[in-house]
Each structure stands twice: as structure tokens, then as C-alpha cells.
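Reader: I am new to this structure and would like to learn how to read a few of its features. Could you take me through them slowly?

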Amino acid sequence: MSLRPYVGEMPETAEGDRRIGHLLSRALRGADPARVSLLGFAVDQGVARNGGRIGAAQGPRALREQLFRMCPDARSYQPFVDLIEHTRDLGDLQASGDLERDQEALADVVAAELGRGSFVIVLGGGHETTYGHFLGYVKAGMTLSIQNIDAHADVRELKAGLGHSGSSFRQALEHPSRALQHYRVDGLQPTAVALTHLDFIAHHGGHAAFRADFRADTLFVPRGNHVLGTFCLDAVDGAFAPGVSAPSVDGLTPHEWFEAAYRAGRSQSVSSIDIVELCPRHDRDLQTVRLAARTVFEALRGLCERPHRESK
């Protein structure tokens, strides 16, 4: 499975109106170290296996198209520009059609980038993305906690022995490496979570909280190991995020969602994040695509506030 670079047109702008895509286009050539690595996982085979609306495979390209047209944050301009100029877009992993093989390939790239000390942002793809993302930590020899923001617990049993978009965290919790030390999910919808799901999480020492109890200021707290943050767009209310595999009623507001993304970026314990379940074919006026791109923007904004060490 090889990496396919993103090729997209950028608007012509004045020199004083450079966009994120312009800054990335001249950044990090050769072996220069990256503070941030972007990686697309254009796969939604797990969504199909789980009976969801397919289309998330188009998520990475659509997200980039909007993200790269955004302005650097004018409120903290120079730190933001400096971060983008030390960000490398690795492109998309080319899917083979074999989900398990593709997840292993994603793990290889994630492990390599974590080993270089880069903050990894994976653009999904269905929520099966996160199992491959998790396997990157296993291959890197790292223990971790997972913070999931989601309408679903995604600890369902496998289907005919195969993983899917609703099983990622069961697979991670049961992985023989025992690399996953703690699983937390916030934003759950009561109509989408079985009691057996809550029991499974509790049995493994995890934490599950419903949308009514959501508080961004309790998220991404240090737990003594690396934290993988995963943002499932179906946690956001369907009025703001119609273009997902399973839209929510009474989901999170964009303000709550963006605050969580910002906190993930700012937290010293978070080593990587992913944004999943963006389904552009079901979107309305690019509403969900823009929300997904803004999620990455807010995480980058938080990263700007972290102290960082220059690579040797």
C-alpha cells in the first residue's frame, strides 16, 4: 500500500493573504523534521460491513480542499504559520480493498511518524480508521489511552470474525499487546448504546459518558502515557453535520466540538488524533466538510500553544 500525494488547486491570493495550502506547498522538503504529519485513510469498507452509509472514503480529499483554503489564525499568526511550515502532508494511503491489510499499512506509517516525534493527524475514512491508527502505537512499542468523542461506543462484536466501523475499540481493548491502558468515550447518544456496551467498557476499566454530561474541559487530561484522540463527526448534531455515516439528533454543538479539538491540540499528553466518518456525498453545502476542516484547524491552534523542542 503506497502513499498518494494530494493534488488540488489553490486560489490565487495576494502575498499578505497566504492560505494554509500555500504555506504547506513550500514546507518541509527532503528530510526536514515535521512537527505535524497529515495522513489520509480513504477507506470505508468497515462502514459497509457495519451497515452504515458509505462515502467516508471521499472524506480525506474533501477535508483537505477546505482546510488548505483556510487562513492562518490571525489571532496568533506567527506561531500558526511556523507550525504549518513545519507540517508535512504525506498524502493518502492507497486502499487495497482488504481492510485488515490496509489497517496494517496505516499502522506502519503512524508508527514511523510517532517514532520521529511528529504529531500525527489521520484524516478518515470510517471509524475503522482508528483501529489501524491504534496499531501504529503497538508497532511503535508505545502504551496509550484513547479518548473517543462519539455518539456510539464502537465496542460491538466482530461480524463473521471481521472488524468494522463499530468494533474498533473492542478490538483495541482485546488486543494481545495490552497496549491500550484506558478507553474513554464522551458524547454518547442514549438511543445508540446498548447496556452490554457500557458493561464491556466498565469491565475493562474504561469510562463512558452521554451527550447530556458532555464537558470539554474534562477531556484530554494526562494519564501517564500517550493519548490518541479520535473525533467521530456523528457526535455533532445532525443540523450542523448532516454529511456523516449516521447523523445524530441532539448531538454536540460546533462550539463544544471545537473546544474539544483545541484542547486535544494543546494537551501535552496527546500524540495523535483522527477525524472520521465524514461522508461528503451526503453533505449539504459543504457544511460537514467545513466543520471537519475546522476541527483540524482548532487542533492546530491548540498545538501552537504547546512548547516544543527543536529536533537535533
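Reader: Is Asn225 buried or exposed, and what is its relative accessibility?

Author: A residue is called buried under 20% relative accessible area, exposed over 50% and partly exposed in between, using a 1.4 Å probe and protein chains only. Asn225 counts as buried because its relative accessibility is 15%. This is a predicted model, in which local features need pLDDT of at least 70 and side-chain atom pairs count only at pLDDT 80 or more, while totals for chains, interfaces and linings use all residues. Residues are numbered from 1 along each chain as its sequence is written, and side-chain values use heavy atoms, with hydrogens and water left out.

Reader: Which residues does Asn225 touch?

Author: Contact means heavy atoms within 4.5 Å. Not counting residues up to four places away in sequence, Asn225 touches Thr143, Leu144, Ser145, Gln181 and Ser269.

Reader: And where is Asp108 placed?

Author: Helices (H or I, at least four residues) and strands (E, at least two) are DSSP runs, numbered from the N terminus. Asp108 lies in helix H5 (residues 99-115), and it is partly exposed, with a relative accessible area of 44%. Tyr137 is 29 residues apart from Asp108 along the chain, and their C-alpha atoms are separated by 9.4 Å.
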